[in-house]
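Subject: Structure for you, with notes on its cavities and ligand

Hi there,

Here is the structure I promised to send over. Please open it in your viewer and keep it beside you while you read the notes below.

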Amino acid sequence: MPQDTLTITDNRTGQTYTFPVENGTIRAMDLRKIKTGPEDFGLMTYDPAFMNTASCKSAITYIDGDKGILRYRGYPIEVLAEHCTYLEVAYLILFGELPTSAQLKDWVFDITHHTMLHETTKKFMEGFRYNAHPMVMLVSTVAALSNVYPDSKKIDDPATRLLQIKRLIGKTPSIAAMSYRHLGGFPYVYPDNDLTYTENFMNMLWRMVEPKYVANPVISRALDILFILHADHEQNCSTNAMRAVGSSHTDPYLATSAAAAALSGPLHGGANEEVLKMLHEIGSKENVAAYVKKIKEGKGKLMGFGHRVYKNYDPRAKIIKRVADEVFAVTGKNPLIDIALELERIALQDDYFVSRKLYPNVDFYSGIIYEAMKFPIDMFPVLFAIGRTPGWLAQWQEMLLDKEQRIARPRQIFFGPSKRDYVPIEKRS
Ligand code: CMC
């Protein structure tokens with residue numbers, strides 16, 4: 001019997017089957033061969049929420065959740081956050097290699113020259129209600145770009161795909177900044193091509209009457225690092241949405257919009273909003289123990305804690321804690337950090353959290369920095385979405401080029417009624 005195989009005996013029939021084991025997996029389709037008779041559909045797996053299902057092969061991001069390891073294309077996140085710019089990391093994620101100086105220069109030039117939004121897109125955004133949630137504006141406006149760039153439908157053409165990738169990475173901060181200005185009732189600011197990616201983002205967010213915006217280098221570097229930390233995270237909820245929606249061969253704007261919609265939920269990228277609301281609700285260090293007690297009694301969740309994959313400290317949270325100190329040196333300390341540190345200290349000593357391996361995740365500290373930078377909490381998931389855009393696009397393209405992938409279409413176990421006779425309305429009780 002070859003070693004890398006799995007032998008299953010079906011006790012319903014007494015028949016034995018042997019299947020190959022590859023990369024620690026068996027092929028779910030092999031199970032279909034296990035039947036009780038010719039009429040039987042064959043065995044399936046039941047895996048709500050994909051708890052134990054690999055839906056793709058990917059060469060982009062590696063996570064070891066038990067050890068707290070995160071690598072993009074083989075490079076540890078700590079090294080990338082230390083040495084690279086966000087656009088350099090976006091290039092790495094998309095093309096598989098770190099760029100040379102010449103490649104980076106061209107890449108930065110191209111992204112910079114795709115930051116402008118069509119005036120009709122600006123008008124589209126102006127139509128939102130004065131207090132529209134910026135994440136809703138982002139989701140809708142990214143989808144609307146599908147109309148601005150009908151060429152994006154040609155998803156089989158590599159050059160067209162690359163053009164849309166550049167447009168999306170270039171324009172997401174512009175849309176994000178416009179949604180922020182809309183929220184504040186300020187006129188929209190056009191991009192400035194002399195500035196770096198994050199400096200320009202800050203320019204579009206915060207420029208008032210000064211002729212030229214000068215970005216604080218600590219804040220722009222902090223944003224750059226935060227974007228790097230969010231750039232990809234393998235098959236998370238929004239990336240799964242990107243792949244699933246993209247698998248129907250819709251264009252990348254609609255698929256990215258769907259991914260951003262998935263990100264907006266409080267269990268995913270919306271968690272950073274929830275963390276801030278929670279820290280404000282706790283109010284002071286003295287109230288932390290009582291709050292933790294409430295969580296242990298099943299009254300809510302500790303937002304920013306726990307992860308489907310990490311069963312150890314999220315490596316991104318460690319880096320964010322360091323960045324927070326640098327940002328506070330410029331903005332002044334956000335007093336919420338003391339509550340967060342106390343919450344972490346108490347939770348990490350408590351058997352409830354220890355036994356369930358619940359550690360702070362990326363969202364636990366990011367919101368505290370964003371708040372110190374004076375972002376309203378509604379903007380937090382939008383900032384996550386800017387960072388995640390290259391990851392979504394890399395995963396989308398990998399999915400399209402993977403010969404094994406087809407339209408995403410899971411099976412179900414049907415629990416509804418079997419065939420019934422129609423009853424006319426006057427006879428229904
Ligand atoms: N606070 C209290 N208990 C928790 C928490 C939490 N934050 N997270 C999980 N648990 C408990 C959960 O109740 C369950 O307990 P029991 O075994 O007694 O039923 C156990 O831990 C396992 O949790 P789970 O819900 O089965 O885990 P999951 O993998 O389905 O959910 C999660 C992962 C991230 C959705 C969840 O931990 C959570 O809701 N966390 C809070 C929201 C959050 O911070 N989300 C951001 C995730 S990181 C950024 C991103 O990628 O989106």
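First, a term for what follows: a polar contact here is a pair of N or O atoms within 3.5 Å. Please also bear in mind that this is a predicted model.

A polar side-chain atom of Tyr352 sits 3.1 Å from one of the ligand's nitrogen atoms. On its own the ligand would expose 930 Å², and the protein buries 73% of that area. Leu267 takes part through its backbone, with an N or O atom 3.0 Å from a nitrogen atom of the ligand. Arg308 uses its side chain instead: an N or O atom there is 2.7 Å from an oxygen atom of the ligand.

Which residues come closest to the ligand? They are His268, Lys301, Leu302, Gly304 and Arg308, out of 19 residues that surround it. Sorted by class, this shell holds nine nonpolar, six polar and four charged residues.

Now to the empty space inside the protein. A probe the size of a water molecule, rolled over the atoms, shows where such space is left. The count here is two cavities of 30 Å³ or more.

The largest cavity has a volume of about 70 Å³. Its lining consists of Leu87, Val108, Ile111, Thr112, Thr115, Asp192, Leu195, Thr196, Tyr197 and Asn200. Two helices, H4 (101-112) and H8 (197-206), each supply at least two of the lining residues. Which element gives the most to this lining? That is H4, with three residues. By class, the lining has five nonpolar, four polar and one charged residues.

The second largest cavity has a volume of about 30 Å³. Around this one you will find Leu138, Val142, Thr172, Thr256, Ala260, Ala385, Thr389 and Trp392. Helices H6 (134-148), H11 (252-263) and H18 (380-401) are the elements that give two or more residues to the lining. H18 gives the most, with three residues. The lining of the second largest cavity divides into five nonpolar and three polar residues, with no charged ones.

Best wishes

Definitions and conventions. Residues numbered from 1 in each chain as written. Predicted model: local features only at pLDDT ≥ 70, side-chain atom pairs only at ≥ 80, totals over all residues. Heavy atoms only, no water. 1 Å grid on protein atoms, 1.4 Å probe; cavity = no way out; pocket = protein on both sides within 12 Å on 5 of 7 lines; lining within 4 Å. Points joined across faces, edges and corners; volume = space filled by probe spheres on them. Helix = DSSP H or I, 4+ residues; strand = E, 2+ residues; numbered from the N terminus. Nonpolar A, V, L, I, M, F, W, Y, C, P; charged D, E, K, R; others polar. Near = heavy atom within 4 Å. Polar contact = N/O pair within 3.5 Å; in protein donor to acceptor, adjacent residues only side chain to side chain. Areas by Shrake-Rupley, 256 points an atom, 1.4 Å probe, with all protein chains shown as cover.
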